[in-house]
Amino acid sequence: MDLKRIYKSSKTYIVLLIIAVALLLFTTSMAYKQIMRMQESADMVAHTLRVYNAIGDLTSHYSKADSEEFRNEILKNKAANSTIAAYKQEGKTVINNLEFLVSDNESQRAHLKPLKALLNSLYSQLINLDSITYTSNAVPFEIRENQKSKINKTLFDIRGIKNRMQKQEENLLKKREIVYKSHKSTAPIVLLVLAFFALFVFIISFYKIYLNKLEIRKSEFFLKTVLNTTDNIVNYYEPIFDAHNSNHIKDFKIVFANNRNYDYLGLQPKAITGKTFTETFPFLVDNGDFDKLVKSYKENQKVELDRGVIVKNKKMWFYTLVTPLLNGILITSRNATYEEKTKAAQLELKKRLEKQNLELLDNRAFLGNLFKSISHVVMHFKSIRDKNNAIIDFEILFVNDKINPITSDIPSEIKNKKTSEIFPGIFNNGVFENLVQAIETKTPITYEVPYYENGYEQWFKATAIKLGDGVTVTTVDITEEKKRSDQLIQLNERLSVQNTIFADAEILAATGSYIWDIDDDVSELSDNYYRLLGCEPNEFKLSFKTYRSFIHPDDLQEYDKKGLEIAKNKRIEEHTYRIITKQGNVKYLKTNGQFIKKNNKTVVVGVVQDVTAVVEFENKLKQSNDNLKFQNTFLEDAEVLGKMGSFRVNTTNNSSEISDNIYRMLDCKPHEFAPTPKAYFTFVHPDDLSNFKKNINKILVSKTFKPFRCRIITKNETVKYFKFTGHFDTYNDDEYLFGLIQDVTDDIKAEAFLKLKNRELTRSNAELESFNRVASHDLQEPLRKLQLFVSRIEDREGDQLSEKGTVYFGKIKNAVTRMQALISNLLTYSRIDSTKKDFEKVNLNQALDKVKDDLADRIKEANASIIADKLPKIKGVVFQVEQLFTNILSNALKYKSTNKAPKVQIVYKKVSASELPKHIIKESKKYHRISFIDNGIGFDTKYSKKIFEVFQRLHQKTEYSGTGIGLAICEKIVENHNGYIFAKGEVGVGSEFVVYFPA
Amino acid sequence: MKLFVKYDFDTLCKNFVSEHLDALDISYTIHSVNEVTVNGDLNDNKYKTLTTALQKYGIEILTNQKSTLVERIKHAIDCMLKDEKSKHLKLSSYLADTLNYSYTYLSTVFSENTYTSIENYAILRKVDLAKEFMCNTNLTLTEIAYRLNYSSVAHLSGQFKKTTGLTPSAFINIMKKKKQYKIQ
Amino acid sequence: MSTTQLNVVLADDDEDDRMLFVEAIDEISIKTELSLFNHGQELMDYLTLPNALMPNLIFLDLNMPIKNGLQCLKEIRENPKLKDLCVAIYSTSSSEKDIEETFLNGANIYVNKPHSFSKLRDVVEKVLQLNWQYHTSNLNKDTFLFRI
């Protein structure tokens, strides 16, 4: 904050303020002057007015004289003399007055002299007149008149002067009024402007001064804050001079003291302000600081002090700067107590370190001796870390001589080298990781490690302890110990493996073993024995009694008997009994044992086996056997019903078995003959025997059973067809041929029948085909000839025919043409077969186009219009669809109305299958509905079924040509496409043919 | 293996004729496929050799003036059908203008020599072109109809059916099957 | 070339048809030399003669004894000497199957035997004209396919 600037600027503002005051004074004086001048003008005006009035008085005065004269004359007042005297007096007063008023005006005064004279003459004339009147009443009139005219003349002169005077005064008044007016208007404006200007300057000055004051206050606050927050004691002293010797400073007065005084010295700033230096800081007087302050003030020099003081028994260090300032001195003291303390502490530390160093040297020597004397290898490694602070290597800081016999390294040579150079092996055998772990976890680690030197394996046990950022490793050769312990471990392992194997074996075989000391009734069971009982190994203490609780109640008697026998006769028999496990499961245990001598005692050593599965399996076998028996009877029934039998041939020993039904099929009783090949052959039809043998041989050689048939003659001499099927299988190391024989006589017969029928069908098909051929070619040929020759005759001899002949001829022609049309339509009808093999995708639009093409001539001829929606694609036979369209369209053209151009509308819509009649078998959910709507002659809807029948016509042959097959063809085509067609109509309006195709 | 080839008979014949003329050392100018001007006279020997040489391949030297004219008419019709600019013209006036004969005369000569009329021939030729387009290009019927100056597909189809007895689609179908049939 | 004769052959087992065909040929203006054969074998025997005069046009009935029309057609198309001959099938059958089969086997024209003589004459004339055009003009023989 630039205090100087503020100070300076405030000065300028004070100047400004002074100027403003001066201006104000000036304004006031100006205003006074103005007012005075105005007053003067006003006086002048008033004066003029007074003069004017006086003149007015004069006028009234002489006017009075005029009128008096008349009164005098009329009334002939006798007492006129006194009146004139009063009048004269009055005139005198007026003149005097006037004289006084115009004393400052030369020209007016000039007027007054003649006026005075005139007035005097007037008075005299008036007196004369009076005297005349008085002396001689009714005196000559002429004199009186003469006198009167003289008076009048005087009056006239007076009036003249008066008028001149009045004029002059009027001019004067005018002038003075103007002056007054000007004064009146200018004075206030000037005053106002000046006043405002002064006010403005005032405001600015005041504002600026106010701002400055604010700044100063801020600066003061800042300064105060600085003083209060600084760590230093800041005090300001003013000197107190000696009363006698004004040059001698006897003391300082504390003018300002900041808060630090309290913090460091326990002196409240407020309390010490205003007090003297000596009474506040008596201790400073003693150490000569006071003199230094005096010196600083006198010589106007900065002084530095650095001293310790004891305040409240506490030693404190202050570094003080004394700065002379204006008429006082500023003291700034820094509390350096802490710094001094630290310095002292450092010194102490140093001393202690030196001492420790000495001790360390001693220790080292001791250690060195120690390392030399011990058998361990002792090494110390320092960590080498990478950027991420992870340990990547070690530096060997120390290693004792014991390393030499092992690695043949010399300690001094490997010192300060990296472990990666000297002991690269530690990075592979896990030692490095151990060392790192010892450092990172700060816990000592002991590990064993092999060391290979010249192919000789040595084992070392090492302990790694963290020391600083490194690790101390103590290693000892344990090769021998290791060897011994390894052997022990191996032995142990082998034993445990054997044990496990034994235990596993027991589990696997579901066996357990026991040792039973009969005399003491103490038993030991193997773990698996316990498990067999559903218990954890050694879960309970075993005795005859405790074990007895596991025995199944039904077997208890037997068990007790056996136990007794063992105890008595020392004889053990193998036997099976049931137990109930802890979980409540029933198990069968087979047990056996023998007596042996153990520690001079006879004990039973035995084995139990869980034979539950075996027993259960036996039970199951029995059950399944029963089942099988049942199934066998069932099978026998099935064989009878299915006219079949089964056989089994053991190809290894050539024995065979056949089921009972085979006997029956051969019209024999079961087992009537021995099941040998020879016996079988007797039943085979002689014609098939060689084939039968061949087949059997082939089957036996190739080991594959190809089903075959052969005829059999039964015991009752009936010929039967048997079908043989089978397969090879191995059972109990013997190879078997399992097979089935089926009596297929009925099938063969049916087959033969079918074949016959098929042949018949083929023949009838061929016949039909040949009929087609006949119809298409052979039947048409003669007809065509007929037509040809008819036309030939017509050409050549037509004009020679009689009229009737021509008619007949025409009839022949018509008949032949009809016949021809009939044949060709029938052909078409018969050709629509229902085989679906030529179904392909048919674009109905293309089909319709083609049909329209084909019918183009007829369409044009009939002037017909055919309007079609876009049609879908369906699956069908192209030419059939075309035929369908042709027939429907040509129908519409044929049965056209006589008075309208035919119009056919083809409307397409995809509809749901439900729209079709119920009796139609729906092939698809959706159907294409295509309806052909024409405007032809139509028909009665009651005929809508009939029109689709072959040779059904609704019209006379002569009316409309047609064969009556066209719509039948349509129906057949639509049915062939799994569709549906129906028609409806109205006579005279038109008909609609609706075709559905599966979508 | 079967290969399918397409010939341009014009070029084929032109090249063929010019090869033979070259072989006989005859100087010539070919005006159109059917018209060749020989510079100077041909001696009998050379003429005979040329005739026999060409006859072997079914090329005849026409001696009859009228036959020559018929060929020129046919050629003119070909040109007209193939030329974009002239296909809109009326056939009679086009022929008369090109060949400098009255149409009546041309018509008579043509009928006398070919058992058919110019118009019929033109239709046949047009249909023939249509057939070629149908077989050898991927053009649609609409495009073919436009190229051959038919007013509509229906018009083309109608004339096609009338001339060949087959609808265009039936024809295309047969030709397609024939191609497959041949491959088999 | 009005002076040139057209060599036409007809193979048809039907005597009446042959007769009428001759009459029809007689009535048309195109100069023709017509040879008749009673069945397919006869025709093939003739055609395969070493110095046989090649016809310009063959009319072939389909339904013939000994050798039918389709067999003849196949043989003709397979014989390098004959394969370029123009063959018109002349048959009663109007079945699409027959028509397609003959076209696929190389027939140029399929004619349904007409039902009147005048039609027969017209048809024969038209076939002859067509054949003439295909012989005298550079029409594309690959697409020589007509049904009359």
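Helices, of at least four residues, and strands, of at least two, are DSSP runs numbered from the N terminus. The model described here is predicted.

**Chain B**

Read along its sequence, chain B has the pattern α-β-β-α-α-α-α-α-α-α-α. In total, chain B holds nine helices and two strands. Of its 184 residues, 22% are buried. Among contacts in chain B with a separation of 6 or more, 44% join residues 24 or more positions apart.

**Where chain C meets chain B**

The contact between these chains involves 20 residues of chain C and 22 residues of chain B. On the chain C side, helix H4 (96-104), helix H5 (117-136) and strand E6 (146-147) each supply at least two residues. H5(C) provides the largest share, four residues. The table sorts the side of chain C that touches chain B by class.

| Class | Residues of chain C touching chain B |
|---|---|
| Nonpolar | nine residues |
| Polar | nine residues |
| Charged | two residues |

**Nonpolar cores**

The largest nonpolar core has 66 residues, and those touching the most other members are Ala11(C), Phe59(C), Leu60(C), Ala88(C), Ile89(C) and Ile109(C). H5(C) gives the most to this core, seven residues. Domain 2 (64-115) and domain 3 (122-183) of chain B both contribute residues to the core, so the core lies between them.

Which residues does Phe59(C) contact, leaving aside its neighbours within four places in sequence? They are Val8(C), Val9(C), Leu10(C), Ala11(C), Ala88(C) and Tyr90(C).

A second, separate core has 40 residues, including Leu844(A), Ala847(A), Ile947(A) and Val974(A).

Notes:
Residues numbered from 1 in each chain as written. Chains lettered and ligands numbered in written order. Predicted model: local features only at pLDDT ≥ 70, side-chain atom pairs only at ≥ 80, totals over all residues. Contact = placed C-beta atoms within 7 Å. Nonpolar A, V, L, I, M, F, W, Y, C, P; charged D, E, K, R; others polar. Buried ≥ 20, exposed ≤ 12 C-beta atoms within 10 Å, placed from the backbone. Core = buried A, V, L, I, M, F, W, Y, C linked by C-beta atoms within 7 Å. Domains from an automatic or database assignment.
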